[in-house]
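This report covers charged side-chain pairs and helix packing. The sequence and structure come first.

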Amino acid sequence: MFSVSCGGDPAVAYDRLMRRTLLMQRMEQVLTPRELNLVRSSLGIGQPDEAA
């Protein structure tokens, strides 16, 4: 997901990845499948052309 060669801080990239992962898990716990689908499509989360 991240690379030191890109000039970014790997700790910051890892923290961002973990926050996003935890947020997605929480959304799956709280939202109904329909709500989750609406949120994902409106924000472009999990779409095939999404940049990680």
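Predicted model: local features only at pLDDT ≥ 70, side-chain atom pairs only at ≥ 80, totals over all residues.

Residues are numbered from 1 along each chain as its sequence is written, and side-chain values use heavy atoms, leaving out hydrogens and water.

A search of the whole structure gives 2 salt bridges, a salt bridge being a side-chain nitrogen of Lys or Arg within 4 Å of a carboxyl oxygen of Asp or Glu.

| Salt bridge | N to O distance |
|---|---|
| Asp-15 and Arg-19 | 3.0 Å |
| Arg-40 and Glu-28 | 2.7 Å |

Asp-15 and Arg-19 are both in helix α1 (residues 10-30), 4 residues apart, about one turn of the helix. Helices are DSSP runs (H or I, at least four residues), numbered from the N terminus. Asp-15 is partly exposed at 38% relative accessible area, and Arg-19 is exposed at 58%. Buried means under 20%, exposed over 50%, and partly exposed in between, with a 1.4 Å probe and protein chains only.

Arg-40 and Glu-28 form a salt bridge that links distant parts of the chain: Arg-40 lies in helix α2 (residues 33-43) and Glu-28 in helix α1, 12 residues apart. Arg-40 is partly exposed at 25% relative accessibility; Glu-28 is partly exposed at 44%.

The axes of α1 and α2 come within 8 Å and cross at roughly 145 degrees. These axes are lines fitted to C-alpha atoms over the stretch in contact, with angles from 0 to 180 degrees between N-to-C directions. Met-24, Met-27 and Glu-28 of α1 meet Leu-36, Val-39 and Arg-40 of α2, contact meaning heavy atoms within 4.5 Å.

How values were computed:
Helix = DSSP H or I, 4+ residues; strand = E, 2+ residues; numbered from the N terminus.
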